[in-house]
Amino acid sequence: MSKHKVIYDTDPGVDDAMALVFQALHPDIELLGLTSVFGNATIETTTRNARFLAGRFVAGVPVAQGAAAPLERTAPDPLAWIHGDNGLGNIALDMTDEAELDPRSAHRFIVDTVRAHPGEVTLIAVGPLTNLALALAEDPQIATLVKQVVIMGGAFGTDGVLGNVTPAAEANILGDPHAADIVLGAAWPVAIVGLDVTQPTIMSHEYLASLRDRAGHAGQFVWEVSRHYEAFHEQSAQLAGIYVHDSSAVAYLLAPELYTTRSGPVRVVTEGIAIGQTIQKPSTMPVPAPEWDDRPECKVCLGVDVPGMLALYENTLCGTL
Ligand code: BDR
Ligand code: CA
């Protein structure tokens, strides 16, 4: 099988970093580049972190700096209480081997790379969707040239969960709801890996400790980078472990059979108290819904084989695939 050619659009971010390690070590993924976006921290911080991560785990892979703010709103404050003051759990960052910064903007990098590999590139997007919306604005035809877009974002009501920042909104979608509505309405194949499947997927304290002991320098890194993040989960959700958000998008790409999905167009609420809410019209729904009906179908993940996902991550890091 040929490898998945991936552009990783990311706002590192502790779980973004863990998902980068996953991609770096999986033999079926070829990373073509990282594109940074504001989100968990400022664009300066997320770009610095992306350069640190690429230099350490995927030497030679470039980083292109992306959007500093959403299309129509002001940039959110950094989530220091979740991801640490430096966005990476306050671990010390040795920048000696930092990745090269591509001179192009993230959206230009996406356009050029997709055009260089027509039909082959998967976009894994795990931050606000501003860079993808800007790429579509610059070159709308790329929608037909991208192989697949896998998004970590949104929530569709499983167990009553519609958001993690507000009762109605998940962080990445709320980060730029206008961009999200554009990206989910474009004519590229989209899979959405939202809170419905990322919150049931939990890496326990013991699981992370086991990675630390068994997965070499990658496992040690995952342990260190997740200490602050785990403390946040304990305080906020009384969890002895962490939700697996961004790595779930990677797992979907590698093993979609681990997920059950529902098809149908998705809209994003862009104003009012439910701003950032993601609403799907299931393709089986018989009533007309003009705001949805002329839009392409997205696959929304509603169920996950949790042991299968955790085993995939563990075996990737331990080299036991
Ligand atoms: C998402 O928000 C960010 O804080 C995480 O990195 C993840 O992408 C979860 O809602
Ligand atoms: Ca993220």
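These legends describe close-up views of one predicted model.

The model is predicted, so local features need pLDDT of at least 70 and side-chain atom pairs count only at pLDDT 80 or more, while totals for chains, interfaces and linings use all residues. Residues are numbered from 1 along each chain as its sequence is written, chains are lettered from A and ligands numbered from 1 in the order in which they are written, and side-chain values use heavy atoms, with hydrogens and water left out.

**View 1. The surroundings of ligand 1.** Polar contacts are pairs of N or O atoms within 3.5 Å. In the side chain of aspartate 15, a polar atom lies 2.6 Å from an oxygen atom of ligand 1. Asparagine 164 has a side-chain N or O atom 2.9 Å from a ligand oxygen. For asparagine 172, the distance from a side-chain N or O atom to an oxygen of ligand 1 is 2.9 Å.

**View 2. Helix 4 against helix 5.** Helices are DSSP runs (H or I, at least four residues), and strands are runs of E (at least two), numbered from the N terminus. Helix 4 spans residues 106–116 and helix 5 spans residues 130–138. Their axes are 8 Å apart, at an angle of about 60°. That makes helix 4 oblique to helix 5. Angles run from 0 to 180 degrees between N-to-C directions, and axes are lines fitted to C-alpha atoms over the stretch in contact. Under 35 degrees counts as roughly parallel, over 145 as roughly antiparallel, 65 to 115 as roughly perpendicular, and the rest as oblique. Contact means heavy atoms within 4.5 Å. Helix 4 supplies Ala106, His107, Arg108, Ile110 and Val111, and helix 5 supplies Asn131, Leu132, Leu134, Ala135 and Glu138. By class, 6 are nonpolar, 2 polar and 2 charged.

**View 3. Helix 12 across helix 14.** Helix 12 (residues 246–254) and helix 14 (residues 306–318) have axes that come within 10 Å and cross at roughly 95°. Helix 12 is therefore roughly perpendicular to helix 14. Ser247, Ser248, Ala251 and Leu254 of helix 12 touch Met309, Leu312 and Tyr313 of helix 14. This contact has 5 nonpolar, 2 polar and no charged residues.

**View 4. Helix 1 against helix 14.** The two axes come within 9 Å and cross at roughly 65°. From helix 1 come Met18, Val21, Phe22 and Leu25; from helix 14 come Met309, Leu312, Tyr313, Thr316 and Leu317. The contact counts 8 nonpolar residues, 1 polar and no charged.

**View 5. Two backbone details in loops.** The peptide bond from proline 12 to glycine 13 is cis, with omega near -10°. Glycine 13 sits in the loop between strand 1 (4–10) and helix 1 (14–25). Asparagine 90 is not a glycine, yet has a positive phi of about 65°. Its loop runs between helix 3 (80–83) and helix 4.

Note on methods. Nonpolar A, V, L, I, M, F, W, Y, C, P; charged D, E, K, R; others polar. Polar contact = N/O pair within 3.5 Å; in protein donor to acceptor, adjacent residues only side chain to side chain.
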